[in-house]
Amino acid sequence: MKLIVTCEHGGNDIPKPFKKYFKDSVSVLNSHRGYDLGALDIFKSLGPLADYALYSETSRLLIELNRSLHHPKLFSEFTKDIPKQEKVSIIQSHYLVYRNQVENTIKNWIDNGEAVMHLSMHSFTPILNKVERQCDVGLLYDSKKQSEKIFATNFKVELKAQNPNLNIRFNYPYLGKADGFTTYLRKQFPLNYLGIEVEVNQKYAQHNQMHFEIKEVIILALKNTLTT
């Protein structure tokens, strides 16, 4: 089985041609709305295990790489009203370049008879709308897809084996079947593709770095899961 690891929200960069739409928005770009704090750090730690890895450091507030083109929040409040020609440019130069690289890699593997395991690395803010989220690591998958359910279950077992005190939850804080990159890819590749979003609580992150212990737990648990 081939392993591909991606990180759609690794940074909060805004390309120079579009900075004019983000004046006085530094605080938003530096918040959980601008990027997934610490996700890129975990992604890089998992890189040596992957057959292919790809990440983006462009802010999700320019365009949301983890949403379909038809999604109403593909563009944020900063870019939803910009000229259509500039939206097309962003889609062509950022969105499609990223997503096509991943999709084409998976297609080539599957066409060559390989099965594909895709881990999409994310993180989530520990408090949203004044409500504390009771979770350390979330594993998002399609509950109707038995192969994904088995992988997620085995991954949880291995995570708990590394640290029994971690609160590991399935399809939390989001549903794995909601609109997202893995959901899209499942439709493109109904056979031989498994897509899991891994959501890590940002309480373990500081200065875009994840605490060493949580990274070690995820790395070791993934190694063990891939060999079972």
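## Cysteines

A disulfide is a pair of cysteine sulfur atoms within 2.5 Å. A search of the whole structure finds zero of them. This is a predicted model, in which local features need pLDDT of at least 70, side-chain atom pairs count only at pLDDT 80 or more, and totals for chains, interfaces and linings use all residues. Residues are numbered from 1 along each chain as its sequence is written, and side-chain values use heavy atoms, with hydrogens and water left out.

For cysteine 7, the closest cysteine sulfur is in cysteine 135, 17 Å away, which is too far for a bond. Cysteine 7 is buried, at a relative accessible area of 0%. Cysteine 135 is also buried, at 3%. Buried means under 20% relative accessible area, exposed means over 50%, and partly exposed lies in between (1.4 Å probe, protein chains only).

Helices (H or I, at least four residues) and strands (E, at least two) are DSSP runs, numbered from the N terminus. Helix α2 covers residues 39-46, and six of its eight residues are buried, so the rest of the structure largely encloses it. The buried residues are Ala39, Leu40, Asp41, Ile42, Phe43 and Leu46. Their cover includes strands β1 (2-7), β2 (52-55), β3 (116-124), β8 (193-201) and β10 (209-210), together with helix α6 (212-227). Contact here means heavy atoms within 4.5 Å.

Strand β10 holds glutamine 209. Glutamine 209 is partly exposed, at 44% relative accessibility. Leaving aside neighbours within four places in sequence, it touches Gly38, Asp41 and Tyr204. Glutamine 209 and histidine 32 are 177 residues apart in sequence, yet their C-alpha atoms are 14 Å apart in space.

## Packing against α6

Axes are lines fitted to C-alpha atoms, for helices over the stretch in contact, and angles run from 0 to 180 degrees between N-to-C directions. Helices α2 and α6 pack at about 40°, with axes 10 Å apart. That makes α2 oblique to α6. Angles under 35 degrees count as roughly parallel, over 145 as roughly antiparallel, 65 to 115 as roughly perpendicular, and the rest as oblique. The crossing is right-handed. A crossing is right-handed if the near helix is turned clockwise from the far one by less than a right angle, and left-handed if anticlockwise. From α2, Asp41, Ile42, Ser45 and Leu46 meet Lys215, Ile218, Ile219 and Leu222 of α6. This contact has five nonpolar, one polar and two charged residues. Ala, Val, Leu, Ile, Met, Phe, Trp, Tyr, Cys and Pro count as nonpolar, Asp, Glu, Lys and Arg as charged, and the others, Gly among them, as polar.

Helix α4 (residues 146-162) also packs on α6: the axes come within 8 Å and cross at roughly 135°. That makes α4 oblique to α6. This crossing is right-handed. Phe151, Asn154, Phe155, Glu158, Leu159 and Gln162 are the α4 residues; they meet Val217, Ile218, Leu220, Ala221, Leu222, Asn224, Thr225 and Leu226 in α6. By class, the contact of α4 with α6 has nine nonpolar, four polar and one charged residues.

## Helices α3 and α5

Helix α3 (residues 84-111) packs against helix α5 (residues 181-188) at about 40°, with axes 11 Å apart. That makes α3 oblique to α5. The crossing is right-handed. On the α3 side are Tyr98, Arg99, Val102, Glu103 and Ile106; on the α5 side are Phe181, Tyr184, Leu185 and Gln188. The residues of this contact divide into six nonpolar, one polar and two charged.

Threonine 183 lies in α5. Threonine 183 is buried, at 11% relative accessibility. Neighbours within four places aside, threonine 183 is in contact with Gly176, Lys177 and Ala178.

## Backbone exceptions

Most residues other than glycine have a negative phi, and most peptide bonds are trans. Tyrosine 172 and proline 173 are joined by a cis peptide bond, with omega about 5°. Proline 173 sits in the loop between β7 (168-170) and α5.

Lysine 130 has a positive phi of about 70°. It is placed in the loop between β4 (127-128) and β5 (131-132). Lysine 130 is exposed, at a relative accessible area of 83%. Asparagine 192 also has a positive phi, near 70°. Asparagine 192 is in the loop between α5 and β8. Asparagine 192 is partly exposed, at 43%.
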